[in-house]
Amino acid sequence: MSRPRLVLLNGMPGSGKSTLARRYLSEHAGVLCVEDAELRGWIGGDPAHHAEAARHLGLALARAHLEAGYDVVVPQLVSRLELVAGWEDVAREAGAELVEVVLHGAVVESRVPDDAVEHLVEHAHGLADVVAARPHVHRLVTRHGDVDSAYRDLLDVLDPDVPA
């Protein structure tokens, strides 16, 4: 059995993270998707107040699945280096490979409430800092409505020896 991988699909809202993760899961048995929004919904009360708890839960789920020998895909905007380091630590501790992919695509405006634009700009700057600090990151361009091309590009990164 090959070494498990933790695939961090990073990018702004609407760049295709969840869409590509779901497609990858549908074609790769045993892969676990750790999605922050889903985890927040597992915790009682207002999901907006559970970012830290969901982060810890996600890290624990990923670690357990990797230790069992299976891949994990994390479709999540990670715009702070210390948060990327948390995923990197989990992969290393589980004996897994970390594969970082940043999706560059237009932000889907309908996904961003008017009162969140300033916060979104902060995330965009943070994501740029993450990409600059981690030169081994794979960068993929996504275009709204063209999932097939983005998925082929993702497969080229994750499964380069398998014909698309």
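**Entry 1: the overall layout**

I read along the sequence and got the pattern β-α-β-α-α-β-α-β-α-β-α for the protein chain. My count for the secondary structure is six helices and five strands, where helices (H or I, at least four residues) and strands (E, at least two) are DSSP runs numbered from the N terminus.

Housekeeping before I go on: this is a predicted model, where local features need pLDDT of at least 70 and side-chain atom pairs count only at pLDDT 80 or more, while totals for chains, interfaces and linings use all residues. Residues are numbered from 1 along each chain as its sequence is written, and side-chain values use heavy atoms, with hydrogens and water left out.

**Entry 2: size and packing**

The C-alpha trace spans about 50 × 35 × 30 Å along its principal axes.

Buried residues make up 42% of the 164; buried means under 20% relative accessible area, exposed over 50%, and partly exposed in between (1.4 Å probe, protein chains only). For contacts (heavy atoms within 4.5 Å), I took those with a separation of 6 or more, and residues 24 or more positions apart account for 79% of them.

**Entry 3: the sheet**

What is the strand order in the open sheet? I get β2-β3-β1-β4-β5, with parallel pairing; two strands pair if DSSP finds at least two bridges between them. β2 (32–33) and β5 (138–141) stand at the edges with a single partner strand each, so one side of each is left without a neighbour in the sheet.

I then went through the pairs. β2 and β3 (residues 72–75) run parallel over two bridges, and Cys33 has Val73 of β3 as its bridge partner. β1 (residues 5–11) pairs with β3 in the parallel sense over four bridges; there Leu8 has Val74 as its partner, and Leu9 stands opposite Pro75. On to β4 (residues 97–104): seven bridges join it to β1, again parallel, with Val7 opposite Val99.

**Entry 4: helix α4**

Expected helix span is 1.5 Å times one less than the number of residues. The 13 residues of α4 (residues 81–93) should therefore span 18 Å, and the end C-alpha atoms are 18 Å apart, which agrees.

Which residues of α4 are buried? I find Val84, Gly86, Trp87, Val90 and Ala91. They cover an arc of only 150 degrees around the axis, which puts them on the same side of α4; the arc is that of the directions from the helix axis to the C-beta atoms.
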